[in-house]
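This report is written for a reader who meets this structure for the first time.

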Amino acid sequence: MNAVEKMQYEDTLKKNTLMLITMNISLLAAVGLSIAQGELNKTAVYASEIIILTLLYFLFQQWIKKPFLFPYAHLTVVYSAGILAMLLFGSTIQLLLIFFFLVVLAAVHLNRNVFLYGYIYGLIGIILNNSFATTQKEILSNVLGSALLTYLLIGMLFFVVISLNHKQNLKLQEYLTLSEEEAKRKEMQKKELETNVAAITDKIVSVNQQLQTNLRSQKEMANAINEISKGSQSQAEQISEITQNSMGTRSSMEALYHQSSELKQGSDQAIEATQEGQEQVQELNGDIHALDTMINKLNQTFAELSQKITETNTFADTIKDITEQTNLLALNASIEAARAGDAGKGFAVVAEEIRKLADTTGQTTGKITQNLIELNASNKEAVEMMALSSQNISKSVNSSEKVKNYFGQISTTLLELDESLKSFTILANEVKGLANGVEFSSSELAAIIEQSTASLEEMSATIDTLTSDNEQLSLVVGEITDRAEKIRQTF
């Protein structure tokens, strides 16, 4: 929201407040008059109008934040209340005066749209007031022409005033817009100038700091060059010692190269042995896994055998029950044969044989049961032994896996060690070559140091001259920095 829109918004808020206060004061006066006259119906209408207008004020001003709609809502309520009063209580001269008051209220905002809305609404109210007149119809008819003429003149007057005010507002908005744009332009120029001056000041400060740093560096360089020049002679002597030491280093590196070569051969043999051991462990691991599988199958077989033995025990019990039933039948048959006398002798012989057969079957069943009990005990012991064997095999499998992993780690470590030895052997060979180069370079370095000493003395003199020039430049930059800082502080 720019400055013009903000000004219009605040002006609308104030005029809405003025419109509400003016109307509510008028309505409160009307409420007091109606109470004094004992007209409670009019009191209820005026009080309701006050409540509705207050609620609309807070709705548009505070809650939905659209104050530009409040004048239309306000005029709609008050004009509608006037027409409602006309229908309920009849047309009167007071209502005619109220419509004149409302047209003045519609002009408070000095807005053409709001004023035309209220003006047309009031014109309709005046015409309806004359049409619905009963008791004061003659008076209203007599003053209608004058009232309409007066209403028209008031409308023309307010319309002219509002139009002039609208033109002034347009010019004011244009002036404010130009002023705002000019202020923004000047503010941008000021910020740009401040930025440029600050940048120049920062650059000058940076240059000054760099000059100070250069001065310190040049002084340090001068001191360092003097020290280097003094130490050049001792360095030449140390170079000779370095040459002798490099010869000893070369001999040591040759011996180290031979030792690393021998260590590389031993590492290759260890890798081969480790790989063979790893293959044997893998083969053993496979055999143990196969044995573990076979033990698991035997466990399943013994489980099935135990189930069959259990079923056979059930069959033996069934045979025993049949034998007992057979003995009982043979006994019953012998009794019946004895009752039959001579006619039942043959049947008695058969019953006796059946009894003997039942006894034999019972004895055989007892032996089978005994054998099954012993077999069941042996099978249980075998199942327990198989379970123990399965646990031991599982432990062996785990141990075999660990040994396999250990061999894998050892193999990996040996391969890494072999690569390191290979690199170390190559490095030793390179160092041996570098030692030969160092011996040659040391001789050349001794000659170069002598030449550098003379050059350092010349450089020391040049740095002294450069330091003096930089000190003068530093004074000039310091003055420029002070002047730029003064300009920057002006803004």
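A salt bridge is a side-chain nitrogen of Lys or Arg within 4 Å of a carboxyl oxygen of Asp or Glu. The model shown here is predicted, and the structure holds 3 salt bridges, which are set out in the table below.

| Salt bridge | N to O distance |
|---|---|
| K15 and D11 | 3.1 Å |
| E39 and K42 | 3.2 Å |
| E336 and R339 | 3.5 Å |

D11, with a relative accessible area of 35%, is partly exposed.

For the salt bridge between E39 and K42, E39 has a relative accessible area of 29% and is therefore partly exposed, while K42, at 24% relative accessibility, also counts as partly exposed.

E336 and R339 both belong to helix 6, which runs over residues 137–340, and they are separated by 3 residues, about one turn of the helix. Here E336 is partly exposed, with a relative accessible area of 45%, whereas R339 reaches 67% relative accessibility and so counts as exposed, since exposed means over 50%.

The next topic is helix packing. Two packed helices are described by the angle between their axes and the distance between the axes. Helix 3 (residues 70–89) and helix 4 (residues 93–106) have axes that come within 11 Å and cross at roughly 175 degrees. Helix 3 is therefore roughly antiparallel to helix 4, because angles over 145 degrees count as roughly antiparallel. On the side of helix 3, the contact is made by H74, L75, V78, Y79, G82, A85 and M86, and helix 4 contributes L95, F99, L102, V103, L105 and A106.

Which residues form the nonpolar patch on the surface? The patch is formed by L116, I120, I124 and F159, which together have about 330 Å² of accessible area. Helix 5, covering residues 112–131, gives the most to this patch, with 3 residues, and I120 is a residue that lies in helix 5.

Terms used
Residues are numbered from 1 along each chain as its sequence is written. This is a predicted model: local features need pLDDT of at least 70, side-chain atom pairs count only at pLDDT 80 or more; totals for chains, interfaces and linings use all residues. Side-chain values use heavy atoms; hydrogens and water are left out. Patches are made of residues with over 30% relative accessible area and no salt bridge: like charges are joined within 9 Å, nonpolar side chains (Val, Leu, Ile, Met, Phe, Trp, Tyr) within 5 Å. Accessible areas come from the Shrake-Rupley method with a 1.4 Å probe; for residues, only the protein chains shown count as cover. Helices (H or I, at least four residues) and strands (E, at least two) are DSSP runs, numbered from the N terminus. Buried means under 20% relative accessible area, exposed over 50%, partly exposed in between (1.4 Å probe, protein chains only). Axes are lines fitted to C-alpha atoms, for helices over the stretch in contact, and angles run from 0 to 180 degrees between N-to-C directions. Angles under 35 degrees count as roughly parallel, over 145 as roughly antiparallel, 65 to 115 as roughly perpendicular and the rest as oblique. Contact means heavy atoms within 4.5 Å.
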